Amino acid sequence: MSNQWDLSDPDDRHLAAGEYVLGVLDRDQKARFEALLAVSHDLRNDVEEWREHLQLFNERLDPKTPPKEVWQRITTATGALPLRWWQRLGAWQSMAASFGVIAVALGLLWQQAELNQLPDGEAVFVVQDESRTPGWIISATQEGELVVQAVQPTQVGNEQTGELWLIADGTPISLGLLPGQGSRRLQPSAELRAQLFNADLAVSVEPQGGAPEGQPTGPIIDHGRLTPVAGSTLIF
């Protein structure tokens, strides 16, 4: 984040307010921002607007704390084992998306387009890259339809696409291609829908058109499980 903001530019002002609310400014940046906040009515409005929108996710999602042993299991799961990545997914514990992760995802979505409502669904999976930047928000309805919203898929190049996989009995099965921008609806078969809420999911980088042999060929961006939102009637 730059130490200089052009408060006359609505986009620059809005971005600065978002980074302030999300808590990503360092101490010096925060001090300077708060000095500007004290004299700018428009900036205060932007801050309140960000807080109001981010609170929507805080109300919908129950924060989860991973078990203490989760990092040991991650270390074990990512060791130099002679197994393919989808054969090691069983060793991972499903970690629910916290408010902080969802807030960042919403913030990035808001920078790209006007977002007037939350992704509709009973459960979500936020796909993140190594720097924990959200690439997509995958929202599942109770019937098993998937609504995928592109946020910032940084690891997908111009001639590439993200592909979503369900890992069933150690075998990856494609659920469809993810959008580079905007949103897309995926409709798994009835058989896959029955497994959707209790199976591991993964996203890989593939050539345009998807994995040529029906199996993942590119690097894995992220993997995890769908997490029920607060108030969901789903039983996982």
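Predicted model: local features only at pLDDT ≥ 70, side-chain atom pairs only at ≥ 80, totals over all residues.
Axes here are lines fitted to C-alpha atoms, taken for helices over the stretch in contact, and angles between N-to-C directions run from 0 to 180 degrees. Two packed helices are described by the angle between their axes and the distance between the axes. Helix α1 spans residues 10-22 and helix α2 spans residues 27-37; the two pack at about 120°, and their axes lie 11 Å apart. This angle makes α1 oblique to α2. The crossing of α1 and α2 is left-handed.

On the α1 side, A16, A17 and Y20 take part, and they meet K30, F33, E34 and L37 of α2. Sorted by class, the contact of α1 with α2 holds five nonpolar and two charged residues, with no polar ones.

Aromatic rings come next. A pair of aromatic rings is described by the distance of the centres and the angle of the planes. With ring centres required to lie within 6.5 Å, the count comes to one aromatic pair. The ring centres of Y20 and F33 are 4.5 Å apart and their planes meet at 20°, so this pair is stacked. The pair links distant parts of the chain, as Y20 belongs to helix α1 and F33 to helix α2, 13 residues apart. Y20 has a relative accessible area of 15% and is therefore buried. F33 also counts as buried, because its relative accessibility is 0%.

Once neighbours within four places in sequence are left aside, A17 is in contact with F33, L43, D46, V47 and W50. F33, one of these contacts, is also the ring partner of Y20. A17 and R44 are separated by 27 residues in sequence, while their C-alpha atoms are 8.2 Å apart in space.

The protein chain has six helices and nine strands. Among contacts in the protein chain with a separation of 6 or more, 63% come from residues 24 or more positions apart.

How values were computed
Residues numbered from 1 in each chain as written. Heavy atoms only, no water. Helix = DSSP H or I, 4+ residues; strand = E, 2+ residues; numbered from the N terminus. Parallel < 35°, antiparallel > 145°, perpendicular 65-115°, else oblique. Left-handed = near helix turned anticlockwise from the far one by under 90°. Contact = heavy atoms within 4.5 Å. Nonpolar A, V, L, I, M, F, W, Y, C, P; charged D, E, K, R; others polar. Phe/Tyr/Trp six-rings, centres within 6.5 Å; stacked < 30°, edge-to-face > 60°. Buried < 20%, exposed > 50% of the residue type's maximum accessible area, 1.4 Å probe, protein only.
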